[in-house]
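I opened my notebook to write down what I looked up in this structure. Here is the model I was working from.

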Amino acid sequence: MDLKTFNFEVCSGRLQNISQEVMLPVKFVGRILSAVLDFVSDLVGRVLGSFLVRGHFHLLLSGMVLFGPLLSLWVSKYNIFANSNHFLYRKFLRSTWGWTCIFTGSFIVVLSLSARRSVHLCLRHLSRLLVAGLLWWGFRRLLTLLEDATGTCYEPMSQEGEVSGSSAQPLLLLHEDQTKASCVRANMQWRGYEVSQDVFILCLCSLLILEEISVFRDQVAPVNPKQKPPGAPLRIIFLLCALLLGIWMFLLLCVLAFYPKLPAQQLGGAVGYLTWRGLYQGWYSLKGRWFCPGMPGEGLLATAGNDRM
């Protein structure tokens with residue numbers, strides 16, 4: 001053995017020892033993070049999947065929509081969330097359905113492929129999002145047409161207001177053949193029948209997310225001992241969905257408190273609730289039908305007294 005070979009073996013041995021010493025704390029930190037992830041996801045999964053939350057969450061949202069505008073009596077108009085250009089409004093409220101599809105769809109895909117590895121079941125469960133998205137698009141178009149048909153655009157007449165010298169609102173000049181979008185874009189006032197689309201989509205997405213991710217509890221505490229426990233990717237996506245649910249509820253409170261519109265917001269919440277009830281407690285609960293996407297977890301997870309196969 002020459003000197004070069006000997007030096008190479010010595011250096012490689014030292015590098016191997018150093019790498020092992022470095023990997024020990026990395027593995028230790030990884031185990032701690034994994035334990036924290038398991039504990040937090042198990043806790044959140046048991047809470048969101050409990051009967052108390054799943055059976056009464058719609059009542060919580062109903063109470064928020066009904067009594068949330070009363071918060072406008074205490075909140076300050078100088079609060080950071082009173083600004084419609086706030087980061088959460090621009091990045092989340094204006095793309096509520098997109099964020100919901102991304103996170104909830106990812107959870108459905110990972111759950112379906114990890115539980116059964118069936119592309120057919122995966123597409124079947126994803127079809128629930130497609131149906132809800134089509135309904136949301138249709139209701140949005142319908143509500144827009146309703147607002148344009150029943151509303152009227154007005155332009156303030158500042159000259160008349162200055163002449164009168166009173167604190168009352170100035171006279172308004174009627175503008176015909178205007179839509180709500182063009183009227184608001186021209187900085188004029190739109191008055192008419194309105195249903196809050198923000199409250200509608202926030203309520204619908206909140207109810208939808210809870211329905212889809214609440215089946216994670218069956219993964220945490222499976223009835224079938226052969227069922228594999230959830231992996232780290234599924235746990236991370238589940239926590240992201242739970243975080244998104246919290247963001248939607250927070251934004252709903254902000255919209256109700258800082259931008260109260262009665263009864264437009266209550267009507268929007270009612271439409272969102274009826275849409276969820278018609279889908280998840282109506283159509284999706286029809287088992288054994290080829291045109292029915294099925295309930296969340298159906299055919300994927302084993303629950304007490306029902307294999308859902």
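My entries follow, from the overall layout down to single residues.

**Entry 1: the layout**
I started by noting that this is a predicted model. I counted elements next and got 11 helices and 3 strands. Reading from the N terminus, I wrote the order as α-α-α-α-α-β-α-β-α-β-α-α-α-α. Of the 309 residues in the protein, 37% are buried. I also looked at contacts between residues at least 6 apart in sequence, and 76% of these join residues at least 24 apart.

**Entry 2: the core**
Which residues touch the most other members of the largest nonpolar core? I found Phe107, Ile213, Trp248, Leu251 and Leu252, out of 57 residues in that core. Two or more core residues come from each of helix H2 (51-67), helix H3 (87-91), helix H4 (96-115), helix H5 (119-150), helix H8 (197-213), H10 and H11. H10 gives the most, with 17 residues.

**Entry 3: tryptophan 248**
Leaving out neighbours within four places in sequence, tryptophan 248 is in contact with Phe92, Thr96, Trp99, Thr100, Leu202, Cys205, Ser206 and Ile209. Trp248 turned up again when I looked at rings: ring pairs link Phe92, Trp99, Phe103 and Trp248 into a cluster.

**Entry 4: H4 against H5**
How do H4 and H5 run, roughly parallel or roughly antiparallel? Their axes are 8 Å apart and the packing angle is about 165°. Over 145 degrees counts as roughly antiparallel, so that is what I wrote for H4 and H5. The crossing of H4 past H5 is right-handed. On the H4 side, the residues that meet H5 include Trp97, Cys101, Gly105 and Ile108. The H5 residues they meet include Cys122, His125, Leu129 and Trp136.

**Entry 5: aromatic pairs**
How many aromatic pairs does the structure hold? I got 12. The rings of tryptophan 97 and tryptophan 136 have centres 6.1 Å apart and planes at 25°, so I put the pair down as stacked. Tryptophan 97 is in helix H4 and tryptophan 136 in helix H5, so this pair ties together parts 39 residues apart in sequence. Both residues count as buried: tryptophan 97 has 11% relative accessibility, and tryptophan 136 has 17%.

Then I checked tyrosine 273 and tryptophan 276. Their ring centres are 5.6 Å apart with planes at 45°, so this pair is tilted. The two residues sit 3 residues apart in helix H11, about one helical turn. Tyrosine 273 is partly exposed at 23% relative accessible area, whereas tryptophan 276 is buried at 3%.

**Entry 6: histidine 58**
Is histidine 58 buried or exposed? This residue of helix H2 has a relative accessible area of 15%, and under 20% counts as buried, so I marked histidine 58 as buried. Not counting residues up to four places away in sequence, histidine 58 touches Leu207, Tyr273 and Trp276. The last two are the tilted pair from the entry above.

**Entry 7: a cis bond**
Where is proline 263? I found proline 263 in the loop between helix H10 (232-258) and helix H11 (264-283). The peptide bond from leucine 262 to proline 263 is cis, with omega near -5°.

Conventions: Residues numbered from 1 in each chain as written. Predicted model: local features only at pLDDT ≥ 70, side-chain atom pairs only at ≥ 80, totals over all residues. Heavy atoms only, no water. Helix = DSSP H or I, 4+ residues; strand = E, 2+ residues; numbered from the N terminus. Core = buried A, V, L, I, M, F, W, Y, C linked by side-chain atoms within 4.5 Å. Buried < 20%, exposed > 50% of the residue type's maximum accessible area, 1.4 Å probe, protein only. Contact = heavy atoms within 4.5 Å. Phe/Tyr/Trp six-rings, centres within 6.5 Å; stacked < 30°, edge-to-face > 60°. Axes fitted to C-alpha atoms, helices over the stretch in contact; angles between N-to-C directions. Parallel < 35°, antiparallel > 145°, perpendicular 65-115°, else oblique. Left-handed = near helix turned anticlockwise from the far one by under 90°.
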